[in-house]
Amino acid sequence: MTGLIFGIILTKSEVISWFRIYEMFRFESFHMYGVIGSAVFFGVIITLSIKRFGLKSINGEIIALKPKDRLFKSALFGGTLFGLGWAMTGACPGPMFVLVGNGASVFLLVIASAMFGTFLYGILRKYLPH
Amino acid sequence: MELVEWIRQPWPWYVAGPMLSGVMFLLLYFGNKFGVSSNLRSLCSIAGAGKVSSFFRFDWKADIWNLIFVVGALMGGFIAREYLSFSDAVEISENTKLELEALGIENPGASYLPSSIFSWEALSTPKYGVMLVIGGILVGFGTRYAGGCTSGHAISGLSNLQLPSLIAVIGFFIGGVIMTHFILPYLLTF
């Protein structure tokens, strides 16, 4: 159900459009920055509130936010490779699936390629700097 | 009905962004987390990658909610397209349109995707097939190497004030700017 809402938001806000991503990386529109920026702005408020008030999940457990591993080299190198692919296909992992739902079935090929990329990482990770 | 009419318009950023934070909150509230790219690893495991690398020998069944999340996202994409939209056009800026026209893309912004690149027919042009496959591999490799994608690093990670996420997002932009400004112009006019 949450996924359903996610798919609708990404479609209606045009975040899944290759054109929007191209425009974002040319810094020619505020749209994408507005979407991500406001999501992070309210995300910070939500995250701080969870920690401050010890909010509980539906199971009655206090919501624990797992910190990201402090691996800076991999964040930078991996992030850069990801950015190259994001600008090329105009889609990060979420939008790939949403686009298939939109009828752009050719993105099944992109998803398969992304799986293969993840597979390659799994094999090569012991040789990579982290 | 006015509400239905309004929903069928493209949504402005100040509606979509806060709603995405809402999605993150719902996932946390249901005891999960917001990060789409982990599914690629699960899918590899399901496909049997555990035989080749221990990286894929993990309990993907514990993350099955996340696979259900992307199936939902796919269905949401279908519903939004079929029932909640009346136009395919994307109002990109004039400068972007002019640049794309100069690169040989016809009617930029007339639909969500340039059909000259993103269709099965386009794959008969080898460079477009290479674009989709190499781009996909870079996304899949990069996201796991970086430890997250746009949802996991840019939204969840930055919201939790994580320094690795900020570095990853800077990486996203280094890669994206290099691709958009220095590689795509050659690739598209090649």
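## Helix α3 of chain A

The buried residues of α3(A) are A:His31, A:Met32, A:Val35, A:Ile36, A:Ala39, A:Val40, A:Phe42, A:Gly43, A:Ile46, A:Thr47 and A:Ile50. A residue is buried if 20 or more other C-beta atoms lie within 10 Å of its own, exposed if 12 or fewer, and partly exposed in between, with C-beta atoms placed from the backbone. Helices (H or I, at least four residues) and strands (E, at least two) are DSSP runs, numbered from the N terminus. The cover over these buried residues includes α2 of chain A, along with α2 (13-29) and α7 (150-159) of chain B.

The 23 residues of α3(A) should span 33 Å at 1.5 Å a residue, and the end C-alpha atoms agree, being 33 Å apart. The expected span is 1.5 Å times one less than the number of residues. A:Gly54 follows α3(A) and has a positive phi, near 55 degrees.

## Model and numbering

This is a predicted model: local features need pLDDT of at least 70, side-chain atom pairs count only at pLDDT 80 or more, and totals for chains, interfaces and linings use all residues. Residues are numbered from 1 along each chain as its sequence is written, while chains are lettered from A and ligands numbered from 1 in the order in which they are written.

## Chain A overall

Chain A has 6 helices and 0 strands. Its C-alpha atoms fill a box of roughly 45 × 40 × 30 Å along the principal axes. Of its 130 residues, 58% are buried.

## Contact between the chains

Chain A gives 94 residues to the contact and chain B gives 104 residues. Two residues are in contact if their C-beta atoms, placed from the backbone, lie within 7 Å. On the side of chain A that touches chain B, the largest share, 17 residues, comes from α4(A). That side divides into 53 nonpolar, 30 polar and 11 charged residues. Ala, Val, Leu, Ile, Met, Phe, Trp, Tyr, Cys and Pro count as nonpolar, Asp, Glu, Lys and Arg as charged, and the others, Gly among them, as polar.

## The core and B:Met24

The largest nonpolar core has 92 residues. Such a core is a set of buried Ala, Val, Leu, Ile, Met, Phe, Trp, Tyr and Cys residues joined through C-beta atoms within 7 Å. A:Phe107 and B:Met24 have the most contacts inside it. Beyond its neighbours within four places in sequence, B:Met24 touches A:Gly43, A:Ile46, B:Phe34, B:Ile155, B:Ser156 and B:Ser159.
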